[in-house]
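Please look at the sequence and the structure before reading on.

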Amino acid sequence: MFESNMAADSKETSIDRGVSDFLRKKGSLEILVEIGSEGPQRHIDLRDELLISSSTIQKRLTGGKEYDLWIVTIESRGNVDAKVYKLTQLGEQIFSAAEEHDLAKLYKGRRGLIRSIEQRERKVLIEMAPDDADWLSEISMEKYEIEMAQKFLSQF
């Protein structure tokens, strides 16, 4: 999956075409970076953190296994055995390159910004809704908003 190319005075490592094509698909590199920065992850861990649909995450997890970017292992989490995804050597090499470009930090920042925008959009909709609006219950509250409210309330 990795090819070595000589460039100028240093040796560069590059991935093959199949891995490159896979990593360009929505969410692939972000999943790899999340697993690399947070350690082994379950599907549900990724679904809770990333702004990617569950079906896309599942497709990417399957594809990443096929390209030897991660492996599936079983870990005990509490009293439950959980299937987790852990980076392979190839995955670790790609993660190292991503770290050089601060991708983990940038992905987290982007997700935070998007969640903040969505939260403010919901607030505007709720504030501007007529008193008899029956659609207010359809506006979902994100887990992060609930956690923030709980932290705020715990101060009192």
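A salt bridge is counted when a side-chain nitrogen of Lys or Arg lies within 4 Å of a carboxyl oxygen of Asp or Glu. The model shown here is predicted. Arg24 and Asp21 form such a pair, with their closest N and O atoms 2.8 Å apart. Arg24 is exposed, at 59% relative accessible area, while Asp21 is partly exposed at 28%.

In the whole structure, 11 salt bridges are found. Side chains of opposite charge can pair when their charged atoms come close. The table lists some of the pairs.

| Salt bridge | N to O distance |
|---|---|
| Arg24 and Asp21 | 2.8 Å |
| Arg111 and Glu34 | 3.1 Å |
| Glu75 and Arg77 | 3.3 Å |

Arg111 and Glu34 meet in a salt bridge. Arg111 belongs to helix H6 and Glu34 to helix H2, so this pair ties together parts that are 77 residues apart in sequence. Arg111 is buried, with 2% relative accessibility, and Glu34 is buried too, with 5%.

Glu75 and Arg77 form another salt bridge. Glu75 is partly exposed at 27% relative accessibility, and Arg77 is partly exposed at 27%. Elsewhere, salt bridges with shared partners join Glu30, Glu34, Glu38, Glu49, Lys108, Arg110 and Arg111 into one network.

Helix H2 covers residues 28–38 and contains Ile31. Is Ile31 buried or exposed? Ile31 has a relative accessible area of 0%, so Ile31 counts as buried. Apart from neighbours within four places in sequence, Ile31 is in contact with Leu46, Leu50, Ile57, Arg60, Leu61 and Trp70. Leu46 is 15 residues from Ile31 along the chain, and their C-alpha atoms are separated by 7.3 Å.

On the surface, Asp131, Asp132, Asp134 and Glu138 gather in a patch of negative charge. Glu138 sits in the loop between helix H6 (103–128) and helix H7 (143–153). Glu138 is exposed, with a relative accessible area of 65%.

The last topic is the backbone. Most residues other than glycine have a negative phi. Asp68, which is not a glycine, has a positive phi of about 60°. Asp68 is in the loop between helix H4 (54–66) and strand S3 (70–77), and is partly exposed at 40% relative accessibility. Asp102 also has a positive phi, near 55°. Asp102 lies in the loop between helix H5 (89–100) and H6, and its 42% relative accessibility makes Asp102 partly exposed.

Conventions
Residues are numbered from 1 along each chain as its sequence is written. This is a predicted model: local features need pLDDT of at least 70, side-chain atom pairs count only at pLDDT 80 or more; totals for chains, interfaces and linings use all residues. Side-chain values use heavy atoms; hydrogens and water are left out. Patches are made of residues with over 30% relative accessible area and no salt bridge: like charges are joined within 9 Å, nonpolar side chains (Val, Leu, Ile, Met, Phe, Trp, Tyr) within 5 Å. Accessible areas come from the Shrake-Rupley method with a 1.4 Å probe; for residues, only the protein chains shown count as cover. Lys and Arg count as positive and Asp and Glu as negative; His and the chain ends are not counted. The place of a charge is taken as NZ of Lys, CZ of Arg, CG of Asp or CD of Glu. Helices (H or I, at least four residues) and strands (E, at least two) are DSSP runs, numbered from the N terminus. Buried means under 20% relative accessible area, exposed over 50%, partly exposed in between (1.4 Å probe, protein chains only). Contact means heavy atoms within 4.5 Å.
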